[in-house]
Amino acid sequence: MLGEQWLSGELVAMKREIIQTDDGSSTIYIPELDENYHSSHGAIQEAEHVFIQHGLKKMEEKGLSSISIFEMGFGTGLNAFLTKIRASTPILYVGIEAFPVSEGEVNSLNYAERIGGKHRSDFSAIHASKWSEFVEIDSQFSLKKVHQKIESYELDANFFDIIYFDAFGPRAQGDMWEIDILQKMYDGLKKGGALVTYCARGQFKRDLKSLGFEVESLPGPPGKREMTRAWKI
Ligand SMILES: C[S@@+](CC[C@H](N)C(=O)[O-])C[C@H]1O[C@@H](n2cnc3c(N)ncnc32)[C@H](O)[C@@H]1O
């Protein structure tokens, strides 16, 4: 599989491999960066913990009539798939992705087999859906996939209840964790909205605070001590 290199500012071929994580679910590994799309301790386990339990489910406690979600780094579509399956509230979901996975890669990922149940076909529906427009995967879940770099994208202001911030880690792609990107996230959130991420770096949390977020450190998924949830207050 060929991915694309962005760190140099030019798009060049970069190898991607499908590998298995410790919970048996697959992820993508980029040898050149020595970076996974998910935790090697468990892709599904991490996504359920960080984004579903501490993002979606926390927001559902508020009793909103619908929830809008922005995902930074749509990647394999695992977070969208889990959200579709786990949500008990209507969802409007926007996911941005600069370097979409290929059809071959999608077919090699085992998320639908591992957790799909009666929703097995949703994973393919999510990937088959058109880019750049809202598609009703069903009456409870509308999805817009945006094929663009976050650097040149403006989120609708004060629009989202939750941001799943799922960029590559600061070691592999430091630019994604800089203030200008975090400011975009802040601006896109509604008051009372929250950004959730697996990252718990000190500098990142200080930057969030400097933007006005109220920052919570929560227990991380297995293999990680902490994760972060940041509220726009
Ligand atoms: C940690 S991985 C994705 C994880 C993804 N949420 C999933 O569950 O598969 C980070 C993603 O960000 C994407 N990405 C990298 N740079 C980007 C940029 N400048 N703008 C938008 N997406 C970017 C990568 O291609 C990759 O899919």
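## An open sheet of three strands

Strands β3, β4 and β5 form an open sheet in that order, with antiparallel pairing. At its edges stand β3 (17-20) and β5 (35-36), each with a single partner strand, so one side of each has no neighbour in the sheet. Here strands (E, at least two residues) and helices (H or I, at least four residues) are DSSP runs numbered from the N terminus, and two strands pair if DSSP finds at least two bridges between them.

β3 and β4 run antiparallel and are joined by four bridges; Ile19 has Thr27 in β4 as its bridge partner. The two strands make a hairpin with five residues between them, and Gly24 in the turn has a positive phi of about 90 degrees. Strand β4 (residues 26-30) also pairs with β5 in the antiparallel sense, over two bridges, where Tyr29 stands opposite Asn36 in β5. Four residues lie between the strands in the hairpin of β4 and β5, and Asp34 there takes a positive phi near 50 degrees.

## Confidence in the model

The structure is a predicted model: local features need pLDDT of at least 70, side-chain atom pairs count only at pLDDT 80 or more, and totals for chains, interfaces and linings use all residues. Residue numbers start from 1 along each chain as its sequence is written.

The predictor's confidence in each residue, pLDDT, runs from 0 to 100. The protein chain averages 94, and 94% of the residues score at least 70. Among the elements of the chain, strand β1 (residues 2-5) has the lowest mean pLDDT (46), whereas strand β10 (residues 160-165) has the highest (99). Over residues 8-12, pLDDT stays under 50.

Helix α5 (residues 120-128) has Asp122, Phe123 and Ile126 buried. Seen down the axis of α5, these buried residues fall within an arc of 105 degrees, so they line one face of the helix. A residue is buried if 20 or more other C-beta atoms lie within 10 Å of its own, exposed if 12 or fewer, and partly exposed in between, with C-beta atoms placed from the backbone; the arc is that of the directions from the helix axis to the C-beta atoms. The face of α5 turned away from the buried side carries the exposed residues Ser121 and Ala128. Among the elements that cover the buried residues of α5 are α2 (78-86) and β9 (141-146).

In helix α6 (residues 179-188), the buried residues are Leu182, Met185 and Gly188. Viewed down the axis of α6, they fall within an arc of 120 degrees, so they line one face of the helix. Ile179 and Asp180 are exposed on the other side of α6. The buried residues of α6 pack against β6 (67-72), β10, β11 (189-197) and α7 (202-211).

## The surroundings of Phe213

Phe213 lies in strand β12 (residues 213-219). This residue counts as buried because it has 22 C-beta neighbours inside 10 Å. Leaving aside neighbours within four places in sequence, Phe213 is in contact (C-beta atoms, placed from the backbone, within 7 Å) with Tyr186, Leu208, Ala230, Trp231 and Lys232. Phe213 and Arg229 are 16 residues apart along the chain, and their C-alpha atoms are separated by 9.4 Å.

## The shell around the ligand

Of the 18 residues around the ligand, Gly73, Gly75, Thr76, Ala98 and Asp166 come nearest; a residue is near a molecule if its C-beta atom, placed from the backbone, lies within 6 Å of it. The shell divides into ten nonpolar, four polar and four charged residues. In this division, Ala, Val, Leu, Ile, Met, Phe, Trp, Tyr, Cys and Pro count as nonpolar, Asp, Glu, Lys and Arg as charged, and the others, Gly among them, as polar.

Definitions and conventions
Contact = placed C-beta atoms within 7 Å.
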